[in-house]
Amino acid sequence: MATNNTPSYTLRYFDAIGLGESIRLLLTAANVEWTEEHPEWPQEKPNQPHGRLPVLIEKSTDGSPDFVICESGNIERYLARTYGFLPTDLKKAALQEQVRDLMADVASAFVGFLQAISEEDKKARLSSFDEILEKYIAVQTKNIKDNGNTGRLFGDNLSYADIATYSFFKNLAIGFVKFKADITEHVKPKLTPEIIKLISTVETDPKLAKIVLKSGNLSAVVSA
Amino acid sequence: MSAQSFSYILRYFDLIGRGETCRLLLAAGEVDWVEEHPEWPQDKEKQPFGRLPVLIEKSADGSELVLSESSTIERYLGRIFGLLPADPRASAIQEQMCDRQADIIAACLVYAQVTAEEDKKMYLANIDDLFTRMAKSHMEILSANNCKSHLFGDKLSFADISLYAFYKMMGMYMGCYLKDAVKITKEKVTPEIVHLLASIEAEPLLASHLSKCESLAARLSQ
């Protein structure tokens, strides 16, 4: 429940899943006041602290200046730490952070594939993307199994890792369709029952109910 | 936390790449640590994510923590050694600088794979823009700090180490990926940043590692 002492937030990002979705879900799960701005792009580029999005603005209620940060992973970790979605135990937190960082590598491999020009290059880069994606799915599936197969990666409650993983698969199965029309069909066969259960567990979490389906129904897409 | 009760193994290739910041952090942590250079790709499947670097933290009781992903390893070491502030806001400011630097390095590696001339021009312009903004940000942080030998406060921090490794990568090793990397780096550094790099290089805690290396500050002053 937002009180007078709770900061409020503005997320500046594009109107897309991309690197904004985890931030939206963290802000929603934290139950704080927040709004979103979609700057005109590239016109607003010079007006951003570092020329890029997302940007998070934290406004205090005590008159102190706004706290502004950028870099999606940094924003996510800041919110996750502040609102209890990352453990205070540094080892446990690191185990969650590393899966998010691996996800970013998978996304980079996909971007690398999109940039390929020759047929030979496209084939090679798609293969690299598949390799790292399959590794990522195997790592995450093991995490879910080791955690008692409850549809959660770590512990018993909605975690940063759960949210980041959900957002990642949402990009892969829905968000990236505009870049590669058959990406959904390409990715679906690789999903394990454990991953599908995680997707469903996150999507039905009451803390996220306000917005989670706004960008699409991922459970429906991966089960179809 | 008693540093003496833990020892560390850093598994990486024998190059600067994504390992240098980890090496400097381990040196600054004054802990027992060694480096392993796995056979590659023979040892790929032995790694948790099939990738390097990997950090293994061994406790005195025999338990192990195995971490992957360079940025996670760097932040973990930064936190346990007290080089990253405990305050989330102060930490976010340092982490953001480090993430931006990592983006620039990643952009250079992508540039190296681009073949079409027009595309190369566009990617290079983007790298130049990011690097210009980054250097400006470094100067802003330094100007706001009373002590000019450190980015924050008056002691060696995560940000100092991260910045040093970034300029080392761009100024001494990126040339094989980006032909004009050294020239571009020299254009962006200011005397104040060179002074900062020289101060970091002179840190006793980093001497165990940097005494074996060429001076970055000297190289960028040429």
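The exercises below, each with a worked solution, concern a predicted model.

Local features in this predicted model need pLDDT of at least 70 and side-chain atom pairs count only at pLDDT 80 or more, while totals for chains, interfaces and linings use all residues. Residues are numbered from 1 along each chain as its sequence is written, chains are lettered from A and ligands numbered from 1 in the order in which they are written, and side-chain values use heavy atoms, with hydrogens and water left out.

**Exercise 1.** Describe the fold and dimensions of chain B.

*Step 1.* The secondary structure of chain B comprises nine helices and four strands, where helices (H or I, at least four residues) and strands (E, at least two) are DSSP runs numbered from the N terminus. Read from the N terminus, the order of these elements is β-α-β-β-β-α-α-α-α-α-α-α-α.

*Step 2.* The C-alpha atoms of chain B occupy a box of roughly 55 × 45 × 35 Å along the principal axes. A compact globule of 222 residues would have a radius of gyration near 17 Å, and the 18 Å of chain B agrees with this; the radius is taken over C-alpha atoms, and the rule is 2.2 Å times the number of residues to the power 0.38.

*Step 3.* Of the 222 residues in chain B, 53% are buried, that is, under 20% relative accessible area with a 1.4 Å probe and protein chains only.

**Exercise 2.** Characterise the second largest pocket and its lining.

*Step 1.* A pocket is defined on a 1 Å grid over the protein atoms alone, as an open set of points where a 1.4 Å probe fits, with protein on both sides within 12 Å along at least five of seven lines; lining residues have an atom within 4 Å of a point. The second largest pocket has a volume of about 370 Å³, a volume being the space filled by probe spheres set on the points, which are joined across faces, edges and corners.

*Step 2.* Its lining has 18 residues, of which Leu95(A), Gln98(A), Lys142(A), Asn143(A) and Asp146(A) are the closest to the centre.

*Step 3.* Two or more lining residues come from each of α3 (90–115) and α4 (119–146) of chain A and β4 (64–68) of chain B, and β4(B) gives the most, with five residues.

Definitions and conventions: Buried means under 20% relative accessible area, exposed over 50%, partly exposed in between (1.4 Å probe, protein chains only).
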